[in-house]
Amino acid sequence: MNKGYEVINYGALPLSSGDSLPTLDGASTTVPADGVLPARAYTEDVSFSLSGAYDETDMWYVTDEYRERLFHVKQFVKPSWLRIDVRIPKSVTQGRFQRDKVVTGVDKDFGFRRGVFEVVHLPKIHYGYRYCNETNLNVYTFVKFIYAEYIVEIPRNSDLIFRVLSKQYPSYWLTLPIVVYDPIVAEGLKDTYGIEGFTVYRSDQRSEAIREYEKLLEEVMV
Amino acid sequence: MVSELLTLYGTASVSAGGSGDFTLTSPMIYGSFTYIRIPKGMKAKIWAKRLAGTVGYTLQINFTHDVTASTPTWSVIDSEHLSSAGMESLEKRRPIVVIARTGKEAVKLSYANTTGGGTIYVDVEIEITDEE
């Protein structure tokens, strides 16, 4: 949908002058001007507002009634050295190392990307983006989105699903950074699609997979 | 690949034989600063320098391994001399490269050997990148 017009020059990160942000050095700091990410600071759970959107405070959020829509969003942030990660849902940090031994993310030494971030926004789940500026500079920020509003349907052919998931059928793969499977995610998937997803089986487990997929396909809602 | 090109501007009122650090500004940066701390794992590449002034001076590019130390140790890694009033523009086909191995590395610009009293200017193109 909207082909050819999928670029949004959103503008500065939604940071307001006077906001308080935590810093990498264990203190807190104040945003000196709108859209400025202070030195050594990181944000918590940023969402992007859009007047007229389903949720005007979170432009990428839709409810499960929008189950036939899927937003594929790639964001480009300036300055491009900024660290980015996303919490799905908001407030649930997803980065882990050695089970739960180490929590990672923008406020840690690893577990983030820089400058560019690509996700799919699942309906009924609020995502919280985090940005971190590890330099000593207070930086003016800018965000550009390139997105696609797909009209989607789950294939009803269990063999096709198996071939996609066993990588025998060409398809685009995008891994969402979900390590901690929060009940909000499970509920969002169930309410939106009727199922929480399809198990990935080995290519020699075809019959087992097909059996399960057939059963799940009776419950899908889109 | 991550790459951001910044132009840093500095100016100073000086007297003969003076030296000091430039206070810098940049359109992408709010406020002023005297050094740039380089993100861990990234590099700073200095591609171009422009010196100008109503008097001559020496521009020095300084580097420290640890800007968080109570008294950082700065080393001059490059210098350029403007011999008298005027302007000099230098572009580097091979940039000056500074690598951040700990995230505490920083660069700053300073001036020395001013030839008289007046105003001096500098601008520098610096790229922050993770490219080899």
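# Exercises on a predicted two-chain model

Tyr169(A) is placed in the loop that lies between helix H1 (158-165) and helix H2 (183-193) of chain A, where helices (H or I, at least four residues) and strands (E, at least two) are DSSP runs, numbered from the N terminus. This is a predicted model, in which local features need pLDDT of at least 70 and side-chain atom pairs count only at pLDDT 80 or more, while totals for chains, interfaces and linings use all residues. Residues are numbered from 1 along each chain as its sequence is written, and chains are lettered from A and ligands numbered from 1 in the order in which they are written.

## Exercise 1

Task: Work out how exposed Tyr169(A) is, and list the residues that it touches.

Solution. Begin with the rule, by which a residue is buried if 20 or more other C-beta atoms lie within 10 Å of its own, exposed if 12 or fewer, and partly exposed in between, with C-beta atoms placed from the backbone. Tyr169(A) has 13 C-beta neighbours inside 10 Å, and therefore it counts as partly exposed. Next come the contacts, which require that the C-beta atoms of two residues, placed from the backbone, lie within 7 Å. Leaving aside residues up to four places away in sequence, Tyr169(A) touches Leu160(A), Arg163(A) and Val164(A).

## Exercise 2

Task: Describe how domain 1 and domain 2 of chain A are arranged and what lies where they touch.

Solution. The bounds, which come from an automatic or database domain assignment, divide chain A into domain 1 (7-151) and domain 2 (158-217). The C-alpha centres of these two domains of chain A are 27 Å apart. In the contact itself, 15 residues of domain 1 of chain A meet 14 residues of domain 2 of chain A. Strand E10 (residues 116-121) of chain A supplies the largest share of the domain 1 side, namely 3 residues. Sorted by class, that side has 9 nonpolar, 1 polar and 5 charged residues, where Ala, Val, Leu, Ile, Met, Phe, Trp, Tyr, Cys and Pro count as nonpolar, Asp, Glu, Lys and Arg as charged, and the others, Gly among them, as polar.

## Exercise 3

Task: Find how chain A and chain B meet, and which strands pair between them.

Solution. The contact takes 15 residues from chain A and 15 residues from chain B. On the side of chain A, strand E12 (residues 138-140) gives the most, with 3 residues, and the classes there are 8 nonpolar, 5 polar and 2 charged residues. Two strands pair if DSSP finds at least two bridges between them, and E12(A) pairs with strand E4 (residues 29-30) of chain B in the antiparallel sense over 2 bridges. Within this pair, Val139(A) stands opposite Ile29(B) in E4(B).

## Exercise 4

Task: Trace the open sheet of chain B and identify the strands at its edges.

Solution. Chain B has 0 helices and 11 strands. Of these, 5 strands form an open sheet with antiparallel pairing, in the order E3-E1-E11-E6-E9 (chain B). Strand E3 (24-25) and strand E9 (86-99) of chain B stand at the edges, each having a single partner strand, so one side of each is left without a neighbour in the sheet. Inside the order, strand E1 (residues 3-14) of chain B is joined to E11(B) by 12 bridges, and the two run antiparallel; Ser13(B), for example, stands opposite Thr119(B) in E11(B).
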